[in-house]
Amino acid sequence: MYTDRLNEQHSLLEEEYFYKKDRELIEKMHEAERKKQELLARTAHYHKCGCCGHDMKETVHDDLQFLQCQHCENVQVSMEMLEVMSQGKKLKNLISELQVRKQAEEEEQKASA
Ligand SMILES: [Zn+2]
């Protein structure tokens, strides 16, 4: 009788131990899956436009580097480049350059249509 109760207690402790170990493993697997999904989502959005989702192209103009959307012309710029752009008339010149480029592309499209 006494040994039965001891065995029962022992198997309960064993069950609890393996339950905890299983929970830990499941938690680890969920964490790994969450990290994997987060990485996939990040890489899927790399160099994609935040407004329309199309590809962004690395563009350099007057030593200024930025990304520009190939579809909606949204511009993505780093803080460092923004600081450089704010000096002198660089930002104004860049906007003019981008507008000239857009007009040229539109005229090109009209000509080919
Ligand atoms: Zn876009």
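Reader: Let's start with Cys-51: is it buried or exposed?
Author: This is a predicted model, where local features need pLDDT of at least 70, side-chain atom pairs count only at pLDDT 80 or more, and totals for chains, interfaces and linings use all residues. Residues are numbered from 1 along each chain as its sequence is written, and side-chain values use heavy atoms, with hydrogens and water left out. Buried means under 20% relative accessible area, exposed over 50%, and partly exposed in between, using a 1.4 Å probe and protein chains only. Cys-51 has 63% relative accessibility, so it counts as exposed.

Reader: Where does Cys-51 lie?
Author: Helices (H or I, at least four residues) and strands (E, at least two) are DSSP runs, numbered from the N terminus. Cys-51 lies in the loop between α1 and β1.

Reader: Leaving aside neighbours within four places in sequence, which residues is Cys-51 in contact with?
Author: Contact means heavy atoms within 4.5 Å. With those sequence neighbours set aside, the contacts of Cys-51 are Cys-72 and Asn-74.

Reader: Are Cys-49 and Cys-69 buried or exposed?
Author: The two link distant parts of the chain, 20 residues apart: Cys-49 sits in the loop between α1 (2–44) and β1 (56–61), and Cys-69 in strand β2 (residues 64–69). Cys-49 has a relative accessible area of 6%, so it is buried. Cys-69, at 3%, is also buried.

Reader: What is the volume of the largest pocket?
Author: On a 1 Å grid over the protein atoms alone, a pocket is an open set of points where a 1.4 Å probe fits, with protein on both sides within 12 Å along at least five of seven lines. Grid points are joined across faces, edges and corners, and a volume is the space filled by probe spheres set on the points. For the largest pocket, that comes to about 360 Å³.

Reader: Which element gives the most to the lining of the largest pocket?
Author: Lining residues have an atom within 4 Å of a point. The largest pocket has 14 of them, with Gln-68, Cys-69, Glu-73, Lys-102 and Glu-105 nearest its centre. β1, β2 and α3 (90–112) each supply at least two. With seven residues, the biggest giver is α3.

Reader: Is Gln-68 buried or exposed?
Author: Gln-68 is found in strand β2. Beyond its neighbours within four places in sequence, Gln-68 has contacts including Asp-55, Glu-73 and Leu-98. Its relative accessible area is 13%, so Gln-68 is buried.

Reader: What kind of pair do the rings of Tyr-17 and Phe-18 form?
Author: Rings of Phe, Tyr and Trp (its six-membered ring) pair if their centres lie within 6.5 Å; planes under 30 degrees apart count as stacked, over 60 as edge-to-face and the rest as tilted. By this rule there is one aromatic pair. The rings of Tyr-17 and Phe-18 have centres 5.2 Å apart and planes at 75°, so the pair is edge-to-face.
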